[in-house]
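Please find below a short note on the model you asked about. It is arranged as numbered points that can be checked against the coordinates.

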Amino acid sequence: PIAQYLADYRPYPFLLDLTELRFDLAPRGTRVQSALHLRPRDPAAAEDLVLDGGAGLRLIGLALDGTAIPAPRREGERLVIAAADLPARPFVLSCEVEIDPDANTAFEGLYLSGGMFCTQCEAEGFRHITFYPDRPDVMAPFRVTIRSDLPVLLSNGNPVRREAGLAEWHDPWPKPAYLFALVAGDLVVISDRYTTASGRAVDLNVWVRPGDQDRAGYAMESLVRAMRWDEEVYGREYDLDVFNIVAVDDFNMGAMENKGLNIFNSKLVLASPETATDADYERIEAVIAHEYFHNWTGNRITCRDWFQLCLKEGLTVFRDQQFTSDLRSAPVKRIEDVRALRARQFREDQGPLAHPVRPDRYEEINNFYTATVYEKGAEVIGMLRRLVGDAAYARALDLYFDRHDGEAATIEDWLRVFEDTTGRDLAQFKRWYTDAGTPHLEMTEIWEAGSDGGRLTLDFRQHTPPTPGQDDKPPRVIPIAVGLIGPNGDEVAGTRTLEMTEARQSFTFEGLGARPVVSALRGFSAPVILSRQIDDATRAFLLAHDTDPFARWEAGRDLAISALLAAAQGRAAAGDHVEAIGRLAADEAADPAFRALCLTLPGEEEIAARLAAGGAVPDPDAIHAAREDLARQVAEAHAALLSDLYDAMAVPGAYSPDAGPAGRRALRIAALGLLTRIDGGDRAEVLFGTAGNMTERMAALSCLIRRGRGQAALAALRDRFADNRLVMDKWFSVQVTAAPPDRAAAIARDLAERPDFDWKNPNRFRALLGGLAANHAGFHAADGAGYDFTADWLMRMDAANPQIAARMSTAFETWPRYDAARRGLAQAALRRMAAMEGISRNLREMVSRMIA
Ligand code: HT7
Ligand code: ZN
């Protein structure tokens, strides 16, 4: 295995002043001609010119200033032109290759999706289009000519020429090759126009397949909201005359921020009330914004090398989170983000795939588009902002944009703008970027009553467990937001951020009356695991009185976890959770979306993770049974209240995806989920038949399947939506996620036999395999059927699309936490994959890190 190391970075020895490309499109034999206008970075230093290449490039010809280079040196997939053959002045290197988009099932480079040509070049896909310095620090303006009879021909930048069979585009903003894009097909458009704060008129287009245009409106509205928000909050304007978005059915990830030509997975563009859920709408709005925000954080300022991926991704996730919390409910958004972080990133940080936010070694960069780089990368920025304050954060960002516009930057550059703005030394803070693992934070309270007022000391200890390749972790800066609540429920000390820098550190609050209850880690001020001595009565008190919505939700969560852990380990569960949750559900002053979050029990995976963190071996079947049992207890104890809520939260009138009505539906669905445990699914059956939107229809369907009554509803959904790929993805997925654990793998196997299981389509594959992975007790079935089914399909997928196989292999990343029999079965599945002949670099790196 060839690993890349951060420490080996060297600037590219040539500067690229212009990239000219010409495409003659044909499905089986596309010709790509390039002219690279290069000059030596240092004319006195003779250096070889190395161009990256990929499998599938057929070299037709290469010339330097018009003179052919008949037999250029090949080093693996690279082309090398010896220093001795290069002039010490500017020169033009021309190249012609042929590629086969139709054979490209990896969806990396130029490929075909339903007859449409499209590209995906991040991270290293451009080298599958032509020989090129395919690294993010080589930036150039692009001039692109596309020849094809297809009606729509798009590339980056502004259109400069259009005639029959030909389109020419010019992108004046220097960019790395990973931001290149081309789309050609038979597409229809919905258009709008946006005028920027400084008066630039921008044509906005969302391109979709004919027939899909009625479902593209929400994406367009979201784009306009994002453009306005970025002007108002970050002072960032759009910089071209046109902004194009294209929806594609075959796409490896969610979306891609190519300059001026964002390409999206169609599931993140297309939405109608009949086909998309509230969660789909919220995600579309967030991802449209995320890709748009990359125009400044990623495109105008890009990454020096791929080790710096968090520079653009962490910051852009942080920005899209701010956007959603500004447009919707900030507390609800924060809770959702923390839930996702714990479910995906904590899990990664605690297993064999743990890595720093800025890794310093990789074999395959596509394996590092992870929750750690994205979501923990965003958390680190949130901590930085909390530490320096909002005003200094805004000044630092202004400086970042001024200082680094047009550059390929590093995490050191990023931290320096904060140091220069605030005068702070961020050397210790940098450990959040360089050290993997989730810190454990233990809090102890010492109360001293006194005649002149009591004194409360909070004593904290931090410790980060070892992660692969990193045994010892020095202490980090941890911002700990704390508030104090008096015995009558009033806040006696508002939120204060304690700045912990030592392995052990105390903070004292003086002049207190009676002993207060501590509300700790408000707003989840740092991505740590907090432990403290606290009983269920105090948790219930915080659930009732905490003024910080996150801490309030967390108290309810901890109550539920405490009951579930007791039950999963065969101990009697306390009734505090059942009682407290009823009070909260009845609290009409609270936002319905917040109440819905509080009513939703922790998932089985979360319970397993908590057990494992406490040194226990989780039993997936016992966890499943305990969770079902607690849900039934809550439903029985509050049947009348839940039933009233279910009726009262119905949203009359036309569907709207806005946060208000979506929150009411969320609460209604949470009530339904509990009630289904005691009404056998009767309400769900009625709702499935009458719901006017996909949110309620899917919720009802999931409840029916869980009660073993899903067949008629599944048939009805299939009959109505057989032609809608996105709805059929849901149809595949829900049957496996909601399946009884002991039958989940068998159900998945049957579904995989269906002719409409179009497994090469990443969405369909994810729907089925991801659905099984999301069924915790089903994936970890004691007979190993979940592991075997998954391994069989990952091996098959690897030959077609290594990125998808490698990403989905993370289903196995928690294997070390289970019992010996399950560990043996999971390891056998991993070893079987590792031994596969012709395994890709992507999957090989993942399984070998998991086995190590
Ligand atoms: N920056 C984009 C990442 C991405 C990607 C990475 C690897 C392979 C395929 C990919 N498609 C998109 C998306 C983003 O984070 O905004
Ligand atoms: Zn991104």
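This is a predicted model: local features need pLDDT of at least 70, side-chain atom pairs count only at pLDDT 80 or more; totals for chains, interfaces and linings use all residues.

The points below go from the domain layout to a sheet, a helix pair and some backbone details.

1. The protein is divided into four stretches: domain 1 covers 4-186, domain 2 covers 302-434, domain 3 covers 440-526 and domain 4 covers 722-852. Taken over C-alpha atoms, the centres of domain 3 and domain 4 are separated by 42 Å.

2. The sheet. Four strands make an open sheet in the order S10-S11-S16-S13, and the pairing is antiparallel. S10 and S13 (152-155) have a single partner strand each, so they stand at the edges and one side of each lacks a neighbour in the sheet. From one strand to the next, the twist averages 20°.

3. Strand S10 (residues 109-113) pairs with S11 over 5 bridges, in the antiparallel sense.

4. Phe117 stands opposite Ala184 in S16, and Cys118 stands opposite Val183 in S16.

5. Burial of S11. Are the residues of S11 buried or exposed? Strand S11 (residues 116-120) is mostly covered, with 5 of its 5 residues buried. Met116, Cys118 and Gln120 point one way from the strand, while Phe117 and Thr119 point the other way, and all are buried.

6. The peptide bond joining Glu122 and Ala123 is cis, with omega about 0°. Ala123 is found in the loop between S11 and strand S12 (140-147). As background, most peptide bonds are trans, and most residues other than glycine have a negative phi. The cis bond is worth a look on the display, as are the two residues in the next point.

7. Positive phi outside glycine. Asp65 has a positive phi, near 50°, and is a residue other than glycine. Asp65 is placed in the loop between strand S5 (58-64) and strand S6 (67-68). With 11 other C-beta atoms within 10 Å, Asp65 counts as exposed, because the cut-off for that class is 12 or fewer. Leu521 is not a glycine either, yet has a positive phi of about 55°. Leu521 is found in the loop between strand S30 (517-520) and strand S31 (529-532). Leu521 has 23 other C-beta atoms within 10 Å and is therefore buried, the cut-off being 20 or more.

8. The H9-H10 pair. Helix H9 (residues 536-545) and helix H10 (residues 549-568) pack at an angle of about 145°, and their axes are 8 Å apart. The crossing of H9 and H10 is left-handed. On the H9 side the contact is made by Asp536, Arg539, Ala540, Leu542 and Leu543. On the H10 side the contact is made by Ala551, Arg552, Ala555, Gly556, Asp558, Leu559 and Ser562. By class, the contact of H9 with H10 has 6 nonpolar, 2 polar and 4 charged residues.

Note on methods
Residues are numbered from 1 along each chain as its sequence is written. Chains are lettered from A and ligands numbered from 1 in the order in which they are written. Domain bounds come from an automatic or database domain assignment. Helices (H or I, at least four residues) and strands (E, at least two) are DSSP runs, numbered from the N terminus. Two strands pair if DSSP finds at least two bridges between them. Axes are lines fitted to C-alpha atoms, for helices over the stretch in contact, and angles run from 0 to 180 degrees between N-to-C directions. A crossing is left-handed if the near helix is turned anticlockwise from the far one by less than a right angle, and right-handed if clockwise. Two residues are in contact if their C-beta atoms, placed from the backbone, lie within 7 Å. Ala, Val, Leu, Ile, Met, Phe, Trp, Tyr, Cys and Pro count as nonpolar, Asp, Glu, Lys and Arg as charged, and the others, Gly among them, as polar.
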